[in-house]
Amino acid sequence: MRRSSAIYRRKRRAFAGFLFCSLSGVTVFVLLPFLDVIKRSLTTAVTGDFIGGVNYRRVFENQAFRLAVQNTLRFTGVCIPLLVILGLAVALPLSRLRETELIKSLYLFPLALPTATVVIVWRMFFYAADFESLVVSYIWRNLGYTVVLWVAGIKGIPGEILEAARVDGAGRLQSLLRVELPNLKGSFYTIVVLSFLNSFKIYREAYLVAGSYPKQEIYLLQHLFNNWFVNLELDKLAAAAVCVGGVLFVGIMLLQYFWDRER
Amino acid sequence: MKGKHLVEICIKLLFIMMGIVICMPVFFVITGSVMGSYDLEECLAPVFREGQGFVTWKLIPDYPTIEHYGKLLFQTPQFFVLFWNSMRMTGLILAGQLLVGVPAAWAFAVYQVRGSRLLFGLYIVLMLMPFQVTMLSSYLVLSRLSLLNTQLAVILPAVFSTFPIFLTYGGFRELPAELFEAARIDGAGELYIFLRIGLPLGKGGMLSAFVLGFLEYWNMLEQPLAFLEDQALWPLSLYLPQISWTQAGFAFCASVIMLLPAVFVFIIGQDYLEQGIVYAGLKG
């Protein structure tokens, strides 16, 4: 089908015009330099000679990198399921109440508090700066929007479906498991993606409470990246950025694939 | 029926109590800011002794004082420099995002042309990449443009962040396409449709992006930590935690002042914040 009608051409021109600024900025500040990073990950830091996968091998053999990957995986592996389930546990009863604005505000409030100002309180109570305190402060900050998203999802389920289930004789639990939860898959994906995005920001708390070299158990990928950056170990940093970026890219693609299939 | 009502009130009270516990840290900070130095030293003694015993804290201090506020406001001009740094960087980033991001969001929301889905997918991927992955790329560009150790090094990359585009997009998507078709039939140009129909009706998404953006950049840490060496250029978010415990009263006051703009934006922008969170969850 040829879509060269005047209207289509006009839309294409408008699309390009409106996107121009943003796309050139993204190209200059993100895309082109990332190609440079890929190139650097394959060359030596000083002379720029091509050395293939040597940088990658050095990264994978690096003890600190292994520790950081392990800790980051452990942190996200503990926090995201915990946050998703806690959020749902709060949202289910909350969505059945009326006039919940105040409650939602109280739960969202931590999102508004700058890390720098709560760190002073964290340092009073969590001077241990261990794994558990990071988990607590992550849940504390992120619970609010998780609840809001779950509530929005639950309220978005058409009443007729629930009504139909009740007419068919489904109990509370049955209706929850068979009707509500399957209808909340979209919210679930969203919450997982956003909590993952925000899990990287736990570095703020970790760094402000314990600095660049905290206890081993909370030495995260973010610490490692920052320390390599400060020490100008740019070849290793490039290889690590390509690896982490690549893994995330594949993860996001898989998620989008499942998401689209769901619809 | 009456019993059900009572149960509802009880559940509500329980939720509110939990909410107040969640908001506790703010009360601690406020209390700390009006405690005298002697009181503070007594309360914080366990912190000085490196974790022996527990911090005791009172919600209402015995002898409230505003001495630390006085010291902060009248004897430390450096504080205002940093406060202003935070304000300026946050303001410029948000203004830039508005100029660059709103038209881009409009492009994605209104024009479905070949390649637009693919580009939108790319923008989503970029939105989800953490700072650490793009840190080196940003560094390479910024050093080539000799912007390192200037506030532009923090501002420019943030202006082209794709996150606000996503939120604004959510607002524009809610508008019915027939509206634009009708305007086109009446002979309106695309720019006119954007300025006269899109902007006024799609405000919600933009305001959401503004509220979430303010809270994010007022709190930024990674970017200035990586790209600003000179402490005089730092935002408050990076400087505050450096104040040592020996100046605890000062630190608490500074924290309260830093809280104020964020709490202000949170309160006036509450509806948009909630809306924004839901927009962030919408997908194409």
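**Where the chains meet**

Reply: Let's start with charge: eight salt bridges cross the interface of chain B and chain A. Keep in mind that this is a predicted model. One pair to find on your screen is Lys201(A) with Glu216(B), whose side chains form a salt bridge with N to O at 3.2 Å. Polar contacts turn up here too, with 15 residue pairs counted between chain B and chain A, where both residues have pLDDT 80 or more.

What does the chain B side of this contact consist of? Helix H1 of chain B, residues 2-33, gives the largest share of the side that touches chain A, namely 14 residues. By class, that side of chain B has 73 nonpolar residues, 16 polar ones and eleven charged ones. Taking both partners, 100 residues of chain B and 90 residues of chain A take part in the contact.

Now for the area. The size of an interface is often given as the accessible area lost when the parts come together. Here, chain A and chain B bury about 8700 Å² between them, and 75% of that is on carbon and sulfur atoms.

How many cavities of 30 Å³ or more does a search of the whole structure find? The search gives seven, and the largest cavity has a volume of about 1100 Å³. Its lining has 49 residues, and the ones closest to the centre are Lys201(A), Ser161(B), Phe163(B), Glu216(B) and Tyr217(B). Sorted by class, the cavity lining has 30 nonpolar, 13 polar and six charged residues.

The largest pocket holds about 770 Å³ of space. It is lined by 21 residues, and closest to its centre are Leu92(A), Arg96(A), Arg166(A), Arg172(A) and Lys4(B). Several helices each give at least two residues to that lining: from chain A, H3 (63-94), H6 (131-155), H7 (159-167) and H8 (172-183), and from chain B, H1. H8(A) has the largest share, five residues. The lining of this pocket divides into eleven nonpolar, three polar and seven charged residues.

The second largest pocket has a volume of about 560 Å³. Its lining has 19 residues, with Leu73(A), Phe196(A), Phe200(A), Val247(A) and Leu248(A) closest to the centre. In chain A, H3, H9 (185-199) and H12 (234-262) are the elements that give two or more residues here, and H12(A) supplies the largest share, seven residues. What about charge in this lining: how many nonpolar, polar and charged residues are there? It has 15 nonpolar and four polar residues, and no charged ones.

Last, back to salt bridges, this time over all chains: the whole structure has 17. One of them joins Asp36(A) and Arg40(A), with their closest N and O atoms 3.8 Å apart. Asp36(A) and Arg40(A) are four residues apart in helix H1 of chain A (residues 6-41), so about one helical turn separates them.

Technical notes: Residues numbered from 1 in each chain as written. Chains lettered and ligands numbered in written order. Predicted model: local features only at pLDDT ≥ 70, side-chain atom pairs only at ≥ 80, totals over all residues. Heavy atoms only, no water. Contact = heavy atoms within 4.5 Å. Buried area = accessible area lost by both parts, 1.4 Å probe. Salt bridge = Lys/Arg side-chain N within 4 Å of Asp/Glu carboxyl O. Polar contact = N/O pair within 3.5 Å; in protein donor to acceptor, adjacent residues only side chain to side chain. Nonpolar A, V, L, I, M, F, W, Y, C, P; charged D, E, K, R; others polar. 1 Å grid on protein atoms, 1.4 Å probe; cavity = no way out; pocket = protein on both sides within 12 Å on 5 of 7 lines; lining within 4 Å. Points joined across faces, edges and corners; volume = space filled by probe spheres on them.
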